[in-house]
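Here's a quick tour for anyone meeting this structure for the first time. Have a look at it before reading on.

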Amino acid sequence: MQSWAPAPVPVLSGRGPELRLYDSADRQVRPVAAGPTATMYVCGITPYDATHLGHAATYLAFDLIHRIWRDLGHDVHYVQNVTDVDDPLFERADRDGIDWRELAAREVQLYREDMAALRVLPPREYVAATDAVAEVVELVEKMLASGAAYIVEDAAFPDVYFRADATPQFGYESGYDRDTMLALFAERGGDPDRSGKSDKLDALLWRAERPGEPSWPSPFGPGRPGWHVECAAIALSRIGSGLDIQGGGSDLIFPHHEFTAAHAESVSGERRFAGHYVHAGMIGWDGHKMSKSRGNLVLVSRLRAEGVDPAAIRLGLLAGHYRADRYWTTQVLDDANARLHRWRSATSLPAGPDAVDLIARVRQYLADDLDTPKALAALDGWTTDALEYGGHDADAPQAVAVLIDALLGVELSPART
């Protein structure tokens, strides 16, 4: 599957400190031990509706990581999936009287356009679930052979399930107790009450063919992939085990990321699927988490259609820490527009205050668990000095513009939508 065209990334001189990130499994900030090629798998969209600001905030967080790694000199192998075969997609397509494939293609294209407008660097590999069925089948075969999976034989539909106890470390990523797991499993796409399962927490690997649903052939019968195994198969086939970062929104910690890691570990034999499990906070609107089910979405495409500068959307989302649950408001957007205007004015001056210390501090703040509030505050300070007191360094305004573009992904040229 094609991703989107990358925005040009200018190169900063020098080098910043190594990246440190909060790891959800260890519950602490610690160094990211990436090699010359840094590897990252981030869960993509289920394309049954347009990109909202919750999506955008998540992908901006991992875009910062991508940019910091590039600034540190790493080659970045970034993989993202598209869950283009799933129940919510079928339900929306049925509701709207459209073929599910047509709906998925339309929404994926809109997502590409939104990401390009926000200057999110594309993944090296952008993989649809429907293009990875062979990898899923191979992975499920391995789990069946090892005893990590089983077929529900006494049911009308012989689905394949993963044993939650197939790995002794299951549960380490979320740290949740069983009652919490069961509650979230039921809430987030699991089927704890499915008859014939060995354990309520066992997760679907292969959904046997049902009337009216798409299916693919397999040695264990026609059907389609489960949700978690899709990501495990794509990550293992494109990157391999031991990737540096598995990432997504905090609502994916359990069950999705817990099971994705367990699936991979059950066949690799490794203790940890990823060196870091990194999760972005939720974006709210009107007092609630932004979600399609609630209908309180602020869509990136709608803001763009209203003439909002994508750079302001980006700055508004970066104003809060990536791990924090936070709200989008008209005030957030107003503040972002004002900041963008001031930054553009300051970097258009013929000279400004020396920027060497500023560049070092912004690199330091971003390397410390993506502390964008401190980075933005440092840039605001330089901007105020430049606009109110001027400066004598003719190279500083351009150096600051390059810094903001390279690490924050905000281009300080005239607004474009």
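How many bridges join strand S12 to S14, and do they run parallel or antiparallel? Two bridges join S12 (residues 283-285) to S14, and the strands run parallel. Before going further, keep in mind that this is a predicted model: local features need pLDDT of at least 70, side-chain atom pairs count only at pLDDT 80 or more, and totals for chains, interfaces and linings use all residues. Residues are numbered from 1 along each chain as its sequence is written, and side-chain values use heavy atoms, with hydrogens and water left out.

**Strands and sheets**

- Helices (H or I, at least four residues) and strands (E, at least two) are DSSP runs, numbered from the N terminus.
- Two strands pair if DSSP finds at least two bridges between them.
- S12 belongs to an open sheet of three strands, in the order S13-S12-S14, with mixed pairing.
- Strands S13 (288-289) and S14 (326-327) stand at the edges with a single partner strand each, so one side of each has no neighbour in the sheet.
- Leu21 faces Arg30 of S2 as its opposite number.
- S1 and S2 make a hairpin with four residues between them, and Arg27 in the turn has a positive phi of about 55 degrees.

**Helix H13**

- H13 covers residues 396-408, and its end C-alpha atoms are 17 Å apart, which agrees with the 18 Å that its 13 residues should span at 1.5 Å a residue.
- That expected span is 1.5 Å times one less than the number of residues.
- Buried means under 20% relative accessible area, exposed over 50%, and partly exposed in between (1.4 Å probe, protein chains only).
- H13 is mostly covered, with 11 of its 13 residues buried.
- Among those buried residues are Val400, Leu403, Asp405 and Leu408.
- The cover over them includes helices H1 (53-71), H9 (310-318), H10 (330-347), H11 (356-367) and H12 (372-389).

**Helix H3**

- H3 (residues 100-117) has 18 residues and reaches 26 Å from its first C-alpha to its last, close to the 26 Å expected.
- Its buried residues include Trp100, Glu107, Tyr111, Arg112 and Met115.
- What covers the buried part of H3 includes H1, strand S4 (75-82), H2, strand S5 (125-128), helix H8 (300-305) and H9.

**Met40**

- Met40 lies in strand S3 (residues 37-42).
- Its relative accessibility is 0%, so Met40 counts as buried.
- Leaving out residues up to four places away in sequence, Met40 touches Phe62, Ile65, His66, Trp69, His77, Tyr78, Val79, Ile239, Leu243 and Ile245, where contact means heavy atoms within 4.5 Å.

**Cavities**

- On a 1 Å grid over the protein atoms alone, a cavity is a set of points where a 1.4 Å probe fits but cannot get out, while a pocket is an open set with protein on both sides within 12 Å along at least five of seven lines; lining residues have an atom within 4 Å of a point.
- Grid points are joined across faces, edges and corners, and a volume is the space filled by probe spheres set on the points.
- Searching the whole structure turns up two cavities of 30 Å³ or more.
- The largest cavity holds about 60 Å³ of space, and H1 gives the largest share of its lining, four residues.
- Arg326 is one of the residues lining the largest cavity.
- The second largest cavity has a volume of about 50 Å³, and H11 contributes the most to its lining, with three residues.
- Leu407 is one of the residues lining the second largest cavity.

**The largest pocket**

- The largest pocket has a volume of about 1500 Å³.
- Of the 50 residues lining this pocket, Thr46, Tyr48, Pro88, Arg188 and Trp227 are the closest to its centre.
- By class, the lining has 17 nonpolar, 18 polar and 15 charged residues; Ala, Val, Leu, Ile, Met, Phe, Trp, Tyr, Cys and Pro count as nonpolar, Asp, Glu, Lys and Arg as charged, and the others, Gly among them, as polar.
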